[in-house]
Amino acid sequence: MIKPNIYMDNNSTTKVDDLVLEAMLPYFTEKYGNSSSKQHSFGWIAEEAVNKSRNQVAALLNCEAEEIIFTSGATESINMALIGIFNAYKTKGNEIITTTTEHPAVLATCKHLENEGAIVHYLNPDKNGIINPELIKSVISDKTILVCIILANNETGVIQPIYEISKIVHSLNSILFSDATQAIGKIPIDVKALGIDVLCLSAHKFYGPKGIGAIYKRRKNPRVAIKPIMFGGGQENDLRSGTLNIPGIVGLGQAAEIVKNEMSLNYDKTNYLRENLEKELLILGGKINGKSSQRLPNTISFTFNNFTAEKFIKKTKSFLAVSTGSACASTKQGISHVLKAMGVSEEEAKSTIRFSLGKNNTIEEINYLIEQLNAEN
Ligand code: PLP
């Protein structure tokens, strides 16, 4: 008998890997120095740890360590990138292109920038959740200073054609920002090969701690400028002032190294579990949103024929953790903006559940879930 406590909400957050926790602990206890303290070994030890982590994160993304800036997570990275790029380039142009299926951190920051004088073009995906690169071609101009496209969607797992998009963005000397928060650790991301200029990530989405993240900012060909939005001691190359969160940074680096090493194993495992769960869910009746698109190996957005999301949650909440959308959207009323943009009806959206699997899930958990759903269905 398995313990009925099944976690399938890994796109919301993940369990910290034991090795990540182990790596972090000394930085709360004996190695508690501030990396800005240049005069003693406590500071040097902290600085060494920060350098190691910067290299670990850079190795995951195939960039230089100097191109990584530590932040408190993806939300801060997104604010820093979008506001900072707008402020650095607003004399060149004031147009931004993004999509209607971004995370609220991007959408709310774009709204803020509209109040600051930006003109933001919001592109709709097709019914499979894909942004057609031709759409970008049709709105981009020499006034476009920034194009923000999510790499993989948090609700559906749909992966955007970032490489094709980057070609268009660069042909007009604009900057491509990609929110890779959900893609990191699940699929290989090589910022150089994909043509991404700026990217954000959050450690807690890939078995690291909460409250720590990073931004990748291209240093050459071309060098991207970001004006700081935080002022103070000038840490992180003057871009992000404030004492560094050393235990968090150590945890982020360790998590990055582990997911890099485990990438293909975790891909195969979650893909196998997802395929099994999808097969069983389809037998129960319903449809997979974004089914024919390239998707993350772990994510299913499933619209049931026979359950409303409310009924599903009621039936399963004693043993299952899933979500009706993204964690942030589920605290708000109303249907998912992502599903709506894909043309999913309000009624269908109300019958949609997001299953997001992780490396700790098992086939027994999937079998148990299906048994429970079949019982008195
Ligand atoms: N972007 C995406 C795609 C996300 O899924 C999330 C978190 O759900 C974020 C940004 C924000 O991450 P954080 O809350 O760690 O800042």
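Predicted model: local features only at pLDDT ≥ 70, side-chain atom pairs only at ≥ 80, totals over all residues.
Some ground rules to start with. Residues are numbered from 1 along each chain as its sequence is written, local features need pLDDT of at least 70, and side-chain atom pairs count only at pLDDT 80 or more. Totals for chains, interfaces and linings use all residues, while side-chain values use heavy atoms, with hydrogens and water left out.

I call a contact a salt bridge when a side-chain nitrogen of Lys or Arg lies within 4 Å of a carboxyl oxygen of Asp or Glu. That rule gives 14 salt bridges.

Take Arg-240 and Glu-76, whose side chains meet at 2.6 Å, N to O. The two are 164 residues apart: Glu-76 belongs to helix 3 (74–89), and Arg-240 sits in the loop between strand 8 (213–217) and helix 8 (246–284). Helices (H or I, at least four residues) and strands (E, at least two) are DSSP runs, numbered from the N terminus. Are these two residues buried or exposed? Both Arg-240 and Glu-76 are buried; buried means under 20% relative accessible area, exposed over 50%, and partly exposed in between, with a 1.4 Å probe and protein chains only.

Next, Lys-287 pairs with Glu-348, with 3.7 Å between the closest N and O atoms. This bridge ties strand 9 (286–288), which holds Lys-287, to helix 11 (346–349), which holds Glu-348, across 61 residues. Lys-287 is partly exposed at 33%, and Glu-348 is partly exposed at 29%.

Shared partners also join Asp-17, Glu-262 and Lys-359 into one network of salt bridges.

Last, Lys-38 and Glu-47 form a salt bridge at 3.2 Å. Lys-38 is partly exposed at 48% relative accessibility, and Glu-47 is partly exposed at 29%.
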